[in-house]
Amino acid sequence: MQVNMTINGQEVSEEIEPRLLLVHFIRDSVGLTGTHWGCDTSNCGTCVVLVDGEPVKSCTMLAAMASGHEVTTVEGLEVDGVLDPVQEGFMQCHGLQCGFCTPGMMLTSKALLEKDPNPTDEVIREAISGQICRCTGYSTIVRSVHWAAEHQTAAPIGSAT
Amino acid sequence: MQVPAPFEYERATTVEHAIALRERLGEEARFIAGGHSLLPMMKLRLANPEYLIDINDLTELFYISEESDEIRIGAMTRHRELLDSELLAQYFPIFRDAEKVIADPVVRNRGTLGGSLCQADPSEDLSAVCNALDASCVIKSTTGERIVSMSDFHVGPYETAVGPAEMLTEIRFPLKANAGSAYEKVERRAGDWAVVSAGAAVWMDGDRIAGGRVGLAAVGPNTTLIGPVSEALDNVVPSEELYQLVGDIAAANCSPQTDQRGTEAYKTHLAMELTRRSLRRAVARAQGQEA
């Protein structure tokens, strides 16, 4: 079947099997390997991407279901060589150690800050509660999101064209 | 790598279209709503539909509305909307209690009320909530619609009253005066399935409980509504003794099984204790003592 969607502002059109999961479509068909593929059971959250601005676990959504929608992956955070404040925050505050959970963590953080530009610790912790950092670096992730909140100058989701 | 078996994909554009597709494609077709129960089952090949009918474009099924004597919720309303709804929090605080502990925020962005009920997992939280609130389900077909109570909706584990050419479109919740409700869940880790959970709803007449209902999750393949509780809550004065009595009734009327989440004895204890706690909070809320 044919699917057409926008990924990081680019129109993508591919012929796929209906059973193809969004995470594999993004990684294998489109070649954007920044989206990580982890537990495959919608527990770990490293595969989180934004679909129409909302965080979604891409291992539990069919690529077919995303057809006609706007998808943002970690590659879409940076615009014209300028990192998003969330990316900058993760760098400044050591929000990543091994980096495996990072793409999902950053996209969830990005969506959170769109809705709540000044989240409390509790709100941040709740927002990322569906994602696992096996390095257990949660404190620095929360600090990174605060850093991003204090340095919000980035473009809104989907403006990367 | 977990991959579903091959299937054909169709996307419905209206409720009528969805039902027509289901009628044409037959028993081997399934609707997919949020997909957060069905896709994991398809990955494990526990579900192998030949056709998936995607109903995520049916915007007509995304709503929470207030009528004169009931709240109506569209079947595609997502967990996040149920959690955030001030209308539901006002009338049925049990929803916010339950939604806070269902999966995690990202999963709640996709999962739906209708999908949860149609999955009919005996451990599923919203089935207990809907039973406690005496909800009824609107099921549509090409020839019309019928309304079934929650107790008739769930036929058995993973089985509902929805026929092969039908669709659950709406869930209705009767509004009662001076009502309160609450949900209590014990889980092994945040966002997990319940070890056991209990939902209670009561409505008051002055200082007395006029009536009440209790629904449990994860206490047996066919147990959700604890019927005998409703008799014990018919026109009584609330007290700790009453909560204990009702908790004991709940424990005596469930049939949990020992599994990785706990022993039968532990789950039976939880059925008692969580019934007691949820009932206590429901009464406090009905009396305006707790938000």
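Modeller: The questions below take the labels one at a time.

Modeller: This is a predicted model, in which local features need pLDDT of at least 70 and side-chain atom pairs count only at pLDDT 80 or more, while totals for chains, interfaces and linings use all residues. Residues are numbered from 1 along each chain as its sequence is written, chains are lettered from A and ligands numbered from 1 in the order in which they are written, and side-chain values use heavy atoms, with hydrogens and water left out.

Biologist: Why is the pair of Y91(B) and F92(B) called tilted?

Modeller: Rings of Phe, Tyr and Trp (its six-membered ring) pair if their centres lie within 6.5 Å; planes under 30 degrees apart count as stacked, over 60 as edge-to-face and the rest as tilted. Over all chains, the structure holds three aromatic pairs. The ring centres of Y91(B) and F92(B) are 6.5 Å apart and their planes stand at 50 degrees, so this pair is tilted.

Biologist: What makes the pair of F95(B) and F173(B) edge-to-face?

Modeller: Their ring centres are 5.5 Å apart and their planes are at 80 degrees, so the pair is edge-to-face. This pair links distant parts of the chain, since F95(B) belongs to helix α5 (residues 93–100) and F173(B) to strand β10 (residues 166–174) of chain B, 78 residues apart. Helices (H or I, at least four residues) and strands (E, at least two) are DSSP runs, numbered from the N terminus. Y91(B), F92(B), F95(B) and F173(B) form one aromatic cluster.

Biologist: Is Y91(B) buried, partly exposed or exposed, and how do you know?

Modeller: Buried means under 20% relative accessible area, exposed over 50%, and partly exposed in between (1.4 Å probe, protein chains only). Y91(B) has 25% relative accessibility and therefore counts as partly exposed. F92(B) has 6%, so F92(B) counts as buried. F95(B) and F173(B) are buried too.

Biologist: Which class does D80(A) fall into, and why?

Modeller: D80(A) has 73% relative accessibility and therefore counts as exposed. This residue sits in the loop between β5 and α3 (85–92) of chain A. D80(A) has a positive phi of about 50 degrees although it is not a glycine.

Biologist: Which class does D134(B) fall into, and why?

Modeller: The relative accessible area of D134(B) is 31%, so D134(B) is partly exposed. The loop between α8 (125–132) and β6 (136–141) of chain B holds D134(B). D134(B) is not a glycine, yet has a positive phi of about 60 degrees.

Biologist: What makes L168(B) a buried residue?

Modeller: L168(B) has a relative accessible area of 6%, and therefore L168(B) is buried. It is found in strand β10 of chain B.

Modeller: A charge sits over a ring if NZ of Lys or CZ of Arg is within 6 Å of the ring centre and within 35 degrees of the ring normal. K176(B) lies over the face of W203(B), at 3.8 Å from the ring centre.

Biologist: What makes a space a cavity, and what makes it a pocket?

Modeller: On a 1 Å grid over the protein atoms alone, a cavity is a set of points where a 1.4 Å probe fits but cannot get out, whereas a pocket is an open set with protein on both sides within 12 Å along at least five of seven lines; lining residues have an atom within 4 Å of a point. Grid points are joined across faces, edges and corners, and a volume is the space filled by probe spheres set on the points. By this rule there are two cavities of 30 Å³ or more.

Biologist: Which residues lie nearest the centre of the largest cavity?

Modeller: They are F92(B), L133(B), A179(B), A201(B) and W203(B), from a lining of 14 residues. The largest cavity holds about 100 Å³ of space. Strands β11 (179–187) and β12 (194–205) of chain B each supply at least two residues of the lining.

Biologist: How many residues line the second largest pocket, and how are they classed?

Modeller: The second largest pocket is lined by 18 residues, and L112(A), V123(A), E126(A), A127(A) and P105(B) lie nearest its centre. Its volume is about 530 Å³. Ala, Val, Leu, Ile, Met, Phe, Trp, Tyr, Cys and Pro count as nonpolar, Asp, Glu, Lys and Arg as charged, and the others, Gly among them, as polar. By these classes the lining of the second largest pocket has eight nonpolar, two polar and eight charged residues.
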